[in-house]
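Open the model in your viewer and keep the selection tool ready. This tour tells you what to pick at each stop and what you will find there.

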Amino acid sequence: MSKHHVSTTINGEPTEFLCEPQLTLLDVLRDELHLTGSKEGCSSGDCGACSVMVDGRLVCSCLMLAVEAEGHAIETVEGLARGHDLHPLQRKFLEHAALQCGFCTPGLLIAAKALLDRNPKPTEAETRYWIAGNLCRCTGYDKVIRAILDAAAELRGE
Amino acid sequence: MPSYIAPSTVEEAVRILAEASGIAKILSGGTDLLVQLRSGRIKPDLIVDIKKIPGISGIRQRDGAFAIGAATPGALIGECEALRQAWPGVVEAANLIGSTQVQGRASLAGNLCNASPAADSVPALIAARATCVVAGANGRCEVPVESIATGPGRTSLRADEFIIEFHLPKRPPHSADAYLRFIPRTEMDIAVVGAGVAVTLDSGGACTDARVVLGAVAPTAILVPEAAAALIGHTLDETALAALQQAARRACKPIDDKRGTIEFRTKVAGVMARRAAVIAYERAGER
């Protein structure tokens, strides 16, 4: 089986890779590019642990073939921090203890980033609906919601 | 292991499909297809990704009517203010499919051609008299959405055919649509029953036209003309609503499964049709 050559941009960096056609974007991110922040939970688009942004839109990287990334811009959790400076969302997740085991956290951070990119001042209800596709079995979501809303306020300069 | 190809024109895609030797599957948003690939439920020889075809994703307005590209993701449909204004039922149904992540990819053509009886967008599209443009080796034809699904997982499309876009007609004055579904939670679930209703009113508030479509209560979404007939000529008084509810229940041929029993689905179908009709009626009255 011939491999496909894919040219894409990942976290702002032009990135090329070779992949077999049946591999998902998540497979390639983790196993080929060693960006292991995105997690494999259900592999069926239910849990959101593999969430990334494609051209600014939130998607499950397990529901996308890696070859489909050709010509598109991907953002993963690895692109959030600037060197040692955590993104406000990451800091607020720590401050509010919005994680326990941490498995869902990369997906929740990217989902929250996608929300705040398009809606800087979401309501609590909007935030809860937005992250309905990110399952967390530890926190009960309350701390996650508080962290996101607090990060949103900081990003607005409040 | 399947091979993958991403044609850049409709004609190229049709030729690839027509010449394919084994099983070819169309890849649009992939939110159903990739799950089925992974589980081994389908084993295609070829995956044909249509998203490189110009215009296959996007919404175009023509004289008040809309053309929605087959691979347009739900999120884009929800962001189209003109479409929300004209066909709020279609938009709310499309936006009920899956999570924010799924909305980033899932398309109307995929929802229709996956041919689940519980597909949310399908009853709303049928109620709105949507059509789809099918491309194939014999050229293109425009067919009603209700002619596509023939049973769970089965469609009327031939191996060389695929849907390139949906058309929604210009909305008549004093008309609107609505879609409602029953799920046992508030988000992220599959319809136990769905109901799409579109109505047109005269200046006195009586229905001059109506379409009532039920989902998840038969092998495909079903148009229920008897339920629509219960509304025509009436304002939504209690008599008309009771007749609508009864006609909706009589049309149900559901299955028993983990989501609901035959008895429950039949009862709830009446309730959903009635509530969707009331919402469509109120929306139409505001226009």
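The stops below go from whole chains down to single residues.

**Before you start**

This is a predicted model, in which local features need pLDDT of at least 70 and side-chain atom pairs count only at pLDDT 80 or more, while totals for chains, interfaces and linings use all residues. Residues are numbered from 1 along each chain as its sequence is written, and chains are lettered from A and ligands numbered from 1 in the order in which they are written.

**Stop 1: all of chain B**

Select chain B. Its C-alpha atoms fill a box of roughly 55 × 45 × 35 Å along the principal axes. Color by secondary structure: chain B has 11 helices and 14 strands. Here helices (H or I, at least four residues) and strands (E, at least two) are DSSP runs, numbered from the N terminus. The radius of gyration of chain B, taken over C-alpha atoms, is 19 Å. The globule rule (2.2 Å times the number of residues to the power 0.38) gives 19 Å for 287 residues, so chain B is as compact as a globular protein of that length.

How much of chain B is buried? Of its 287 residues, 53% count as buried. A residue is buried if 20 or more other C-beta atoms lie within 10 Å of its own, exposed if 12 or fewer, and partly exposed in between, with C-beta atoms placed from the backbone.

**Stop 2: where the chains meet**

Now show chain A as well. 22 residues of chain B are in contact with 25 residues of chain A. Contact means that the C-beta atoms of two residues, placed from the backbone, lie within 7 Å. On the chain B side, select β1 (3-5), α2 (33-39), β3 (46-49) and α6 (100-103), which each give two or more residues. α2(B) gives the most, with 4 residues. By class, this side of chain B has 10 nonpolar, 8 polar and 4 charged residues. Ala, Val, Leu, Ile, Met, Phe, Trp, Tyr, Cys and Pro count as nonpolar, Asp, Glu, Lys and Arg as charged, and the others, Gly among them, as polar.

**Stop 3: the domains of chain A**

Select residues 4-79 of chain A for domain 1, then 88-155 for domain 2. Such bounds come from an automatic or database domain assignment. The C-alpha centres of these two domains of chain A lie 21 Å apart. Their contact takes 13 residues from domain 1 of chain A and 12 residues from domain 2 of chain A. Highlight strand β3 (residues 51-54) of chain A: with 3 residues, it gives the most to the domain 1 side.

**Stop 4: the domains of chain B**

Return to chain B. Domain 1 covers 55-168 and domain 2 covers 175-285. Their centres, taken over C-alpha atoms, are separated by 20 Å. Each domain of chain B puts 25 residues into the contact. On the domain 1 side, α5 (88-95), α8 (121-127) and β8 (149-151) of chain B each supply at least two residues. That side divides into 16 nonpolar, 5 polar and 4 charged residues.

Zoom in on α5(B). 6 of its 8 residues are buried, so α5(B) is largely enclosed by the rest of the structure. Among the buried ones are Val90(B), Val91(B) and Glu92(B).

**Stop 5: Ile126(B)**

Ile126(B) is in helix α8 of chain B. Is Ile126(B) buried or exposed? With 27 C-beta neighbours inside 10 Å, Ile126(B) counts as buried. Not counting residues up to four places away in sequence, Ile126(B) touches Val145(B), Glu146(B), Gly196(B), Val213(B), Ala221(B) and Leu223(B).

**Stop 6: strand β11(B)**

Select residues 175-182 of chain B. 8 of the 8 residues of β11(B) are buried, so this strand is largely enclosed by the rest of the structure. In a regular strand the side chains alternate between the two faces of the sheet. Ser175(B), Asp177(B), Tyr179(B) and Arg181(B) point one way, and Ala176(B), Ala178(B), Leu180(B) and Phe182(B) the other way.

Strands pair if DSSP finds at least two bridges between them. Which residue of β12(B) is the bridge partner of Tyr179(B)? The partner is Gly196(B).

**Stop 7: the core**

Finish with the largest nonpolar core, which has 151 residues. A nonpolar core is a set of buried Ala, Val, Leu, Ile, Met, Phe, Trp, Tyr and Cys residues joined through C-beta atoms within 7 Å. Helix α11 (residues 262-285) of chain B gives the largest share, 9 residues. Select Ala277(B), one of the residues with the most contacts inside the core. Leaving aside neighbours within four places in sequence, Ala277(B) is in contact with Val197(B), Val199(B), Leu231(B), Leu236(B), Leu241(B) and Leu244(B).
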